[in-house]
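Reader: Hi! Could you walk me through this one with me? I'll ask as we go.

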Amino acid sequence: MISGLRKFLFGAGPGEHLPDDVKAALAAWQESDAGALESSHFMTRYVVVDIATDGQNPDSDRITGIAATLVHQGVVSPEQSIFVDLAGSTVDDATVDRQLAAFLRFVGKSPLVSYHVAYVSGFLQQLLKKRLGIGFAPRWVDLTWLLPAMFGETSHKPMPLDDWLVAFGLDVGEGRRSPTANSLALARLLQMTIVRAHAKGVDTVDQLIDESKASSHLRRTH
Amino acid sequence: MSTEQESIDVGQVEAMLRQEGQRRAAGNTQAFLARHAPFNKMAPAALQLFAEKAHIAFYPAGSLIVGPDSGNVRFFYLIESGKVQARQAGEVTVTEYSILSLGAGESFPIGAVTAGRPSTNIYTAVEDTFCYHLPAEDYLRLMASSPEFNLFCTQYIASLLDQSRRQLQAQFAQKASEQQTLNSPLAGIGARNPAAVQPQTPLRQALESMSQLGIGSMVVTDAELKPVGIFTRSDLLDRVVLAGLSLDAPISEAMSATPFMLDEHATAYDAMLAMATHGIRHVLVTDHLGRLSGVVSERDLFALQRVGLRQIRQAIESAPDVAALKASAADVRQLSFNMLAQGIGAEQLTQFISALNDALTRRVIQLNLERHDFAGIDWAWLAFGSEGRDEQTFSTDQDNGIVYLVPDGGDQEALKQRFLAFALDTNKDLDQVGFPLCKGNIMASNPQWCLTLDEWRAQFSKWIRTPEPVALLNATIFFDFRPLHGKSELADSMRRHLLSQASATPVFLQAMARNALEVGPPLGKIRDFVTDLEADHPGKIDLKKYGSRIFVDVARIYALAAGVHGTNTIQRLRLSAQKMNIRGEEINAVLDGLNFIQLLRLQHQYLEGEPGRQGDNLIDPEKLNELDRRILKESFRQARKIQSRLKLDYQVNN
């Protein structure tokens, strides 16, 4: 009871209750480098991520799935995709922890890309903290703010994701998209964005994140 | 247990999650593939292979995708969205297309990736474009494992045409099955929501509505619309007039109670059986709640009886008058429709329509010959234009003429007047039967086209010697002639004359070629089709003017040059190709293109034409399905190809 409360308030920290292989994987992840080869968008390993939740509130809802796919060397490839299914109620704790560690291995220290990053990162941060005791603070590229900065001729202001997809004539199917379908749609937007960014002299991921932050600041405050 | 050993477990889990990720991402691609040929015909395993292996790449507008300088082609490219332009690299040959544009669902460069060589074309994104890249080795695996994909790639054009034909057939089959047969449910037969009154309605009021609506029976229903009786004209005599019933009496006193009813899911056959067994003329149709939803009469069921080829022929050949022929003409239309539904191709179908139209025309001529006697005189009735070529669709005007010989010592002028009088009657009757009078007055009743053999020969020679615009236009109509009745030797003689003159007059053929090249297929450089050529019909393409006519015109010139006697365009192209050193496969692709355009015209006229109205040749390419659009594009490319060849052969520079 008391240990449960302590765990809840302070987190367990990596180690302690986790299986050995998970501990080792986490240690390896924490020690790993940020991608050395990020001299261009083409070389950068972008991880586009989307989550499914059973509600809208990061404090009380559960993540039911994480989908991620790479944009690397200009292409999106199904072979470089991952899906973590957290919806099953029968899955035991050790399996969930191992899956999350595997997710971190897949992500490495690569920059993450999503839409409404605050929402997605909030869920992931909390989950990884709670389950693995990991402080998850990767570099995030938020397409919500980046797209209006890069494609001002289409919209100066942030728009719902579907409006961008329609504006660009992307074939995204009908109805609600799964996290996988959503991450693939975001990956296509990222592909378009990095070509545009290069044309504007925004040549690296760090510059891209700066653009995204500047855009967020500019468009939120003005 | 060592740490290393343990860490493999997370690695294994990662492999599993990646596998799941790949499967789901592939599912996204599969959904796209399912909407495009030939992938929509491929087995699930083949699609999965494609979807799991294909990358997605983005090409901004203006960027090069692949070209001769890119080295051996490493991918099979499939466009997901956007537009790609293909240009021939190096010296452009006139016999091939120089530029074409590709859209979503189209793939390239099939030849190069199969052969593992560099592309001969330069492929450039003209809009922001997403492409799937299937690596060459996976492409080859797919070729080896999927028969559909193999067929698609090896017989690119032929397979596409074929698929489209099958799709058209499916469409026709559906339409035909929607057409009513004795197996059709009653829900689609007879009058829907028929007039009905309640039992307490006075007879006078019911009779007034029957008279106003022009109907022979009135259904009587209760407040819930459930039928309780039917009142027909025969009841009026027996139960009202003869029984001396007041017109103020409620209809319930005169109706036949407990009328015969069938559920709307029952078939026409059930209704026919009921009428025969119960000796009734009407069957009431009810919905699942037992409420009145329709009435089927005996006459509605008769209309369902199908017609067959032999009956039509017999009916035509023994038709006593024009009215009977008119009915047969309607049967011809119905039968051709059924044949189209059974998968008869455009070539056979147009010939079939022509054959039955010939029979109709011959019978009209025969009927008129009963009143006009030409015994002892050599003459023939000639068909021109599309009828002369055996290529009739349903919206064909009559184009005809007469050739005759004046007997020794005969009065030519008097004979001509007799032929003109006969022709006038025949032209009018043909119009009655359903072949509208020719707006350009190319008819046997026009003194200009009712000529002796010598006059026809002189006329042909004159057109050939002085190929001015009117002469060239006439050549496109009159040089496609065929005898329909009378002495065919006269027509043969005209043909020999024509061919010897035409093939000996290159200036004429060149003028014909220049004329034929004035209108090109409506292929756009960026957009697929040019649809603003007809000012009165924006957004539409005239499939005759910008499609089939191109093939017809080219075929005529080659036939005249090569001395081919046939008038049918397909025959002309096949026969002259041999003499003109055109390769068999090349000419087959051209014929496939023509056949597809003809099939689309027929489809348009049959499926979209309003019954009883002449169909037009105007189609809206936006309304075609994607496959048809692509094939139409390919067919137009074939038109352009054959025009390029004509241009080269006759050295036309325009």
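Author: Happy to. Let's start with one residue pair: B:Leu78 stands opposite B:Ser107 in β6(B). Two bridges join β3(B) to β6(B), and these strands run antiparallel. Strands here are DSSP E runs of at least two residues, helices are H or I runs of at least four, and both are numbered from the N terminus. Two strands pair if DSSP finds at least two bridges between them.

Reader: Before I go on, what kind of model is this, and how is it numbered?

Author: This is a predicted model, where local features need pLDDT of at least 70 and side-chain atom pairs count only at pLDDT 80 or more, while totals for chains, interfaces and linings use all residues. Residues are numbered from 1 along each chain as its sequence is written, and chains are lettered from A and ligands numbered from 1 in the order in which they are written.

Reader: Thanks! Which strands form the open sheet of nine, and in what order?

Author: The order is β5(A)-β4(A)-β1(A)-β2(A)-β3(A)-β1(B)-β8(B)-β3(B)-β6(B), with mixed pairing. β5 (140-142) of chain A and β6 (107-108) of chain B are at the edges with a single partner strand each, so one side of each has no neighbour in the sheet.

Reader: How do β3 of chain A and β1(B) pair?

Author: In the antiparallel sense, over two bridges. A:Val76 has B:Ile56 in β1(B) as its bridge partner.

Reader: And how many residues of chain B are in contact with chain A?

Author: 31 residues of chain B are in contact with 37 residues of chain A, contact meaning C-beta atoms, placed from the backbone, within 7 Å. The largest share of that side of chain B, 19 residues, comes from α1(B).

Reader: Switching topic: which strands make up the four-stranded open sheet in chain B?

Author: That one runs β10-β11-β12-β13, again with mixed pairing. Its edge strands are β10 (196-197) and β13 (256-257). β12 (residues 227-232) and β13(B) pair antiparallel over two bridges, and B:Gly229 has B:Ala257 as its bridge partner.

Reader: Last one: why does the length of helix α23 of chain B agree with what it should span?

Author: At 1.5 Å a residue, its 24 residues (626-649) should span 34 Å, and the end C-alpha atoms are 35 Å apart, which agrees. The expected span is 1.5 Å times one less than the number of residues.

Reader: What follows α23(B)?

Author: B:Gln651 does, with a positive phi near 45 degrees.

Note on methods: Contact = placed C-beta atoms within 7 Å.
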